[in-house]
Amino acid sequence: MKLDVSGVISGKAVIDNQYLEFEIPDGYLEEFGAEDVSKVKARIDVRGQIENQLDVRADYNFHYSVPCSRCLKKVLKEENLEISKVIFLDKKGEDYEDDLEYLEDNQLLVEKMIMEDIIFKMPIRVLCSEDC
């Protein structure tokens, strides 16, 4: 999923409340034992906060099932997460090289950014209850 940010880069536009949906590929969350993964629903804002930078904010959610880490009972989980990222458009930013992987021909690679964020924020252990 790509989002055209050429207007934001040129300083002529902002992106407010852009809604996107996409599927998480089968097996992507397999290492966490996740099954029955729903579509990701995201709301995105992009602004040119300072010259040569993009300020990207996204709220997103999805749900899935995963076995309890102790008793293996199936647990339904819903994740409501957010990203706040500054993307540098020139070499002056310390994360310039890393940020380039999220831009392609003035297109923000939203799906890639969110998918990587999901991996970092997935719980390692899930319990079906506090008493388990």
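Strands (E, at least two residues) and helices (H or I, at least four residues) are DSSP runs, numbered from the N terminus. Aspartate 45 is found in strand 3. The model is predicted, so local features need pLDDT of at least 70 and side-chain atom pairs count only at pLDDT 80 or more, while totals for chains, interfaces and linings use all residues. Residues are numbered from 1 along each chain as its sequence is written, and side-chain values use heavy atoms, with hydrogens and water left out.

Side chains of opposite charge can pair when their charged atoms come close. A salt bridge is a side-chain nitrogen of Lys or Arg within 4 Å of a carboxyl oxygen of Asp or Glu. The structure holds eight salt bridges. Among them is the pair of aspartate 16 and arginine 47, with the closest N and O atoms 2.7 Å apart. Aspartate 16 lies in strand 2 (residues 15-22) and arginine 47 in strand 3 (residues 40-47), so this pair ties together parts that are 31 residues apart in sequence.

Accessibility was computed with a 1.4 Å probe on protein chains only; buried means under 20% relative accessible area, exposed over 50%, and partly exposed in between. Aspartate 16 is partly exposed at 40%. Arginine 47 is also partly exposed, at 37%.

Lysine 39 and glutamate 21 form a salt bridge through their side chains (3.8 Å, N to O). Lysine 39 sits in the loop between strand 2 and strand 3, and glutamate 21 in strand 2; the two are 18 residues apart. Lysine 39 has a relative accessible area of 40% and is partly exposed. Glutamate 21 is partly exposed, at 40%.

Arginine 43 pairs with aspartate 59, their closest N and O atoms being 2.3 Å apart. Aspartate 59 belongs to strand 4 (residues 53-67) and arginine 43 to strand 3, 16 residues away. Both count as partly exposed: aspartate 59 at 31%, arginine 43 at 21%.

Salt bridges link Arg43, Asp45 and Asp59 in a network. Aspartate 45 is buried, at 15% relative accessibility. A polar contact is a pair of N or O atoms within 3.5 Å; within protein, one must be able to donate a hydrogen and the other to accept it, and residues adjacent in sequence count only if both atoms are side-chain atoms. The side chains of aspartate 45 and arginine 43 make such a contact at 2.8 Å. A polar side-chain atom of aspartate 45 also lies 2.7 Å from the backbone nitrogen of asparagine 17. Contact means heavy atoms within 4.5 Å. Neighbours within four places in sequence aside, aspartate 45 is in contact with Ile15, Asp16, Asn17, Asp55, Val56 and Arg57.
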